[in-house]
Amino acid sequence: MRICYLSHTLNPKTGAGVFTENLVNAVRARWKDSEFCVLTSENHLKPGILSLLVNLPYIRKKFREADIIHALDGYPYGVVAAIANLGISKPFIITAVGSGSIGFLKKTGLKSKLLKWAYKKADKVTAISRYVANEIRNVLPDLPIEVINHGVDADFFKPLGTKETETPYIVTQGEFKRRKGYSEILPIIKRVMEKRSDMKYIIVADIKRNKEYQMELQLLLRTLDIEDKVVVKSDLTREKLRETYQRAALFLSLPKNVEGDVEGFGLSILEAAACGTPAIVGKGSGADDAVSDNRSGFLVDGKDENSVVEKILSILDNKELHSRLSTEARGWAEENTWLAKAQQYLKLYEAV
């Protein structure tokens, strides 16, 4: 079986890169004789009409050599795949990931029309969360969509023997984007620190990107007077990221929809769970699927600041509850490995 993937990147420090690499490796582990071609925005899928025209002959050549074409996001990769597949007619799958899969659907214009057309042209459409699937169904109610959540490398992301650290901390992993909800998280962290003066907050994000929003957050930190208790970690190795999750008391995520820019899933939430770190997640996005409510953590109303603060403190102040959530978070992650997700995709490949 020869599969041609279209993806944003193979960079392992991005969600798209983690998804692509782990999916390919997991499929290879199940189908040992399979072959792969991965086209990314870093080579033959660079944005722009001119780039598409220049690279179209190469893309079509790779499509002819493939048995299955799998686009990992609706726009632009699903659209490019649908266009390049014209006249070749290879089995074609779109996996709806996040903003690129739903951001244009409710808008007018060419991009919206192309995305809707691509979904209808695909032999199969999957989504990485129920939220993403429902957003597409709201516009294309007759489109069949199968939900296949992201997985986790539970062999790599695993707990330490103990979580005791000199300074306990809450962690959030995610780029400095408004949809991550940092502006809402920081006042909550301030209130938690008023009750737990020993607590710190760690943000894992790329400090080289989204400078304007970072400046807003720096001003908010000064206003809240918690600058000395908030640490930003950037450019972590995979091993350092794992250690950061392992030693954290809690993972906190309050994602929101910002003009169509949404959280498609919550891969970092699942990775933290594999390390035995429970999560509190604001409900109403694709991140809902990354947590098992009252098992690996809690889904909360992210707009209700009092409720979020109370839930955080209930976990931090109750060692028995924290221990149960930590153990069950690991169990939840073990049920959702990339190998398990690959099996779902393999069934899909066999069906097209």
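This briefing covers the sheet, the helix packing, the nonpolar cores and selected residues of one structure. The model is predicted. An open sheet of 6 strands with parallel pairing runs in the order β9-β8-β7-β10-β11-β12. The largest nonpolar core holds 48 residues, and another core, of 37 residues, lies apart from it.

**The parallel sheet**

- The sheet consists of 6 strands, ordered β9-β8-β7-β10-β11-β12. Its edges are β9 (230–233) and β12 (297–300), each of which pairs on one side only.
- On average, neighbouring strands in this sheet are turned by 20° against each other, direction ignored.
- Strand β10 (residues 250–253) runs parallel to β7 (residues 169–173), and 2 bridges join them. Across this pairing, Leu250 of β10 stands opposite Ile170.
- On β10's other pairing, with β11, there are 3 bridges, and these strands also run parallel. Here Ser253 has Val281 of β11 as its bridge partner.
- In a regular strand, side chains alternate between the two faces of the sheet. In β10, Leu250 and Leu252 point one way while Phe251 and Ser253 point the other way. All four of these residues are buried.

**Leu250 in strand β10**

- Leu250 belongs to β10 and is buried, with a relative accessible area of 0%.
- Beyond residues up to four places away in sequence, Leu250 touches Tyr169, Ile170, Val171, Thr277, Pro278, Ala279, Ile280, Ile312 and Ile315.
- Lys229 is 21 residues from Leu250 along the chain, and the C-alpha atoms of the two are separated by 16 Å.

**Helices on the sheet and against each other**

- Helix α10 (residues 267–274) lies across β7, β10 and β11 (279–282). The helix runs at about 170° to β10.
- Helices α7 (residues 182–195) and α11 (residues 305–316) pack with their axes 10 Å apart and at an angle of about 45°. The two helices are therefore oblique to each other, and their crossing is right-handed.
- On the α7 side, the contact is made by Pro187, Ile188, Arg191, Val192 and Lys195. On the α11 side, Glu305, Asn306, Val308, Val309, Ile312, Leu313 and Leu316 take part.

**Nonpolar cores**

- In the core of 48 residues, those with the most contacts inside it are Tyr5, Leu23, Val27, Val171, Tyr245 and Tyr349.
- The separate core of 37 residues includes Val79, Phe92, Leu105 and Ala127.

- Helix α3 (residues 74–84) is mostly covered, with 8 of its 11 residues buried. The buried residues are Gly74, Tyr77, Gly78, Val79, Val80, Ala81, Ala82 and Ala84.
- These buried residues pack against β1 (2–7), α2 (49–65), β3 (68–72), β4 (92–96), α4 (99–102) and α5 (110–121).
- Pro76 is part of α3.
- Asp73 lies in the loop between β3 and α3. Asp73 is buried, at a relative accessible area of 12%.

- Leu221 is found in helix α8 (residues 211–224). At 8% relative accessibility, Leu221 counts as buried because the cut-off is under 20%.
- Leu221 touches Leu186, Ile226, Glu227 and Val230, leaving out residues up to four places away in sequence.
- Asp225 lies in the loop between α8 and β9. Asp225 also has a positive phi, about 60°, although it is not a glycine. Asp225 is exposed, with a relative accessible area of 62%.

**A buried histidine in a loop**

- His150 sits in the loop between β6 (146–147) and β7. With 6% relative accessibility, His150 counts as buried.
- Apart from its neighbours within four places in sequence, His150 is in contact with Phe19, Ile128, Phe265, Leu267, Leu270, Asn336, Trp338 and Lys341.

Key:
Residues are numbered from 1 along each chain as its sequence is written. This is a predicted model: local features need pLDDT of at least 70, side-chain atom pairs count only at pLDDT 80 or more; totals for chains, interfaces and linings use all residues. Side-chain values use heavy atoms; hydrogens and water are left out. Two strands pair if DSSP finds at least two bridges between them. Helices (H or I, at least four residues) and strands (E, at least two) are DSSP runs, numbered from the N terminus. Axes are lines fitted to C-alpha atoms, for helices over the stretch in contact, and angles run from 0 to 180 degrees between N-to-C directions. Contact means heavy atoms within 4.5 Å. A nonpolar core is a set of buried Ala, Val, Leu, Ile, Met, Phe, Trp, Tyr and Cys residues joined through side-chain atoms within 4.5 Å. Buried means under 20% relative accessible area, exposed over 50%, partly exposed in between (1.4 Å probe, protein chains only). Angles under 35 degrees count as roughly parallel, over 145 as roughly antiparallel, 65 to 115 as roughly perpendicular and the rest as oblique. A crossing is left-handed if the near helix is turned anticlockwise from the far one by less than a right angle, and right-handed if clockwise.
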